[in-house]
Amino acid sequence: MTRELRSARYGAVLTFVLAGLMVGTMTVRIPALTDKLGLSEATVGTILLAWGLGALVTMQSMRRVMARVGSRAVLRAGGPLTALGLLGVALAPDLPLLLVAATLFGMAFGTVDVAMNAQGSAVEQAYGRPLMNGMHAGWCVGAIGAGGLGSLAIAAGLPFTVHVTLIALVSLPVLVLVGRTYLPESPAVAGDEAGERRRLPAIVYLLGAIMFFAFMVEGTVADWNGLYMRDELGAPEAVAALGYPVFEAGMLIARLTGDRLRVRFGVRGMLTVSGVATAGFFAIVLLAPAATVAVSAMFFVGLGVATISPLTLSLAGTATGTPGPAIAQAGAMGYAGLLLGPVVIGFLSDATSLRTALGIGVVLGVLIALSARLLPRHEPATISPLPVRERVEAAA
């Protein structure tokens, strides 16, 4: 195994960690942001929507960009721009400038989200074995780290501006330096770029739909779990707040072990089991007689849903000659679910009840399991027969 390949793997993982850290930092300090600018909950929702739409716009446009320049060039530009976008959010003195900064932060992150998964796919194929789940575990580490550092910052009395500025200024040079480690994708054959202008293989859209369902579950848990625990199950605020970190802990453990499980059971089998587990444990959350039972079940929901997005992105990366465009398409479809899920729950809860609305999590788990059965029994070859050194040289 070459030193360059090991560096590329560590660089890709570190990129996931920093992405989770930056996004998580903004999220955990939202209460401080509302205090800083006197924002209402509706205004915070608008800011988050601006961030999400900015990310979605660039993700949708990345298909041709990735086909032309590849993930290495995109990450070298997008990583530092994401840190600068976070710095803009930290320093924004009023609502109009905050909306602009949040949108630009989202747009920069959208490029990084697609490109770091394409880079992960390139490294995975160069290694000749599954690695994508481990890379996505890096995101969980970053997000959990953001929560821990956020708690320390709050305890130390650090204002929103100081805390977020520090995270941005630490992330910026690291992202510049890690750009040296990225692996170039294999050169596309002559017909590939023209092919990217047409429809991608049907399996890419099927994988995008599966990721859409999974991200809807993740968005639903992130935005509505605490409210459900408090209002429907009568949990104290401190207990209600445990649901999401417990869910993230389950995701982290699943992603740390997911690559080994893929070798044994394959993507199709793992996605089927993941969908069934997500539906079953989400049903336990909704039927739980007490908050402690629901919080415990959230751990297993996290275990169930965690490997779906890494697996679908990894498989999408093998659908064409270059992984970037297919990952961009599948990723954009999935990210739309992350934005849409919480909105759908809001409308359904107004029409029925929050418990009933959250039943969509069970439906989504079933849809994941059923959709997984439409995937080929045998995966496309993700492992090159070339030795590792030759794969790296061919990519370069």
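This is a predicted model: local features need pLDDT of at least 70, side-chain atom pairs count only at pLDDT 80 or more; totals for chains, interfaces and linings use all residues.
**Entry 1: Phe105**

Which residues does Phe105 contact, once neighbours within four places in sequence are left aside? I found Met22, Val23, Met26, Trp51, Thr82, Gly85, Leu86 and Val89.

Next I looked up the largest nonpolar core, which has 115 residues. Phe105 is listed there among those with the most contacts inside the core, along with Trp51, Leu86, Met229, Leu271, Leu358 and Leu375.

**Entry 2: Val112**

I then turned to Val112, which sits in helix α4, residues 95–127. Is Val112 buried or exposed? Its relative accessible area is 5%, under the 20% cut-off, so I noted Val112 as buried.

Leaving out neighbours within four places in sequence, I listed the contacts of Val112 as Thr15, Leu75, Gly78, Gly79 and Thr82. I also checked a distance: Val112 and Leu97 are 15 residues apart along the chain, and their C-alpha atoms are separated by 23 Å.

Thr25 belongs to helix α1, residues 3–28. I noted Thr25 as buried, with a relative accessible area of 1%. Not counting residues up to four places away in sequence, Thr25 touches Ala146, His163, Val164 and Ile167.

Thr25 also turned up when I looked at how α1 meets helix α6, residues 160–178. From α1 I wrote down Gly11, Leu14, Thr15, Leu18, Leu21, Met22 and Thr25; from α6, His163, Val164, Ile167, Ser171, Val174, Leu175 and Val178.

How do the two helices run? Their axes come within 10 Å and cross at roughly 160 degrees. Angles over 145 degrees count as roughly antiparallel, so that is how I recorded α1 and α6. Their crossing is left-handed.

**Entry 3: α5 and α10**

My last pair was helix α5, residues 132–155, and helix α10, residues 243–287. These helices pack at an angle of about 155 degrees, with axes 7 Å apart. That makes α5 roughly antiparallel to α10. I noted a left-handed crossing for this pair.

Which residues meet here? On the α5 side I found Met132, Asn133, Gly134, His136, Ala137, Trp139, Cys140, Val141 and Ile144. On the α10 side I found Glu248, Met251, Leu252, Arg255, Leu256, Gly258 and Asp259. The contact of α5 with α10 has 9 nonpolar, 4 polar and 3 charged residues.

Definitions and conventions:
Residues are numbered from 1 along each chain as its sequence is written. Side-chain values use heavy atoms; hydrogens and water are left out. Axes are lines fitted to C-alpha atoms, for helices over the stretch in contact, and angles run from 0 to 180 degrees between N-to-C directions. Helices (H or I, at least four residues) and strands (E, at least two) are DSSP runs, numbered from the N terminus. Angles under 35 degrees count as roughly parallel, over 145 as roughly antiparallel, 65 to 115 as roughly perpendicular and the rest as oblique. A crossing is left-handed if the near helix is turned anticlockwise from the far one by less than a right angle, and right-handed if clockwise. Contact means heavy atoms within 4.5 Å. Ala, Val, Leu, Ile, Met, Phe, Trp, Tyr, Cys and Pro count as nonpolar, Asp, Glu, Lys and Arg as charged, and the others, Gly among them, as polar. Buried means under 20% relative accessible area, exposed over 50%, partly exposed in between (1.4 Å probe, protein chains only). A nonpolar core is a set of buried Ala, Val, Leu, Ile, Met, Phe, Trp, Tyr and Cys residues joined through side-chain atoms within 4.5 Å.
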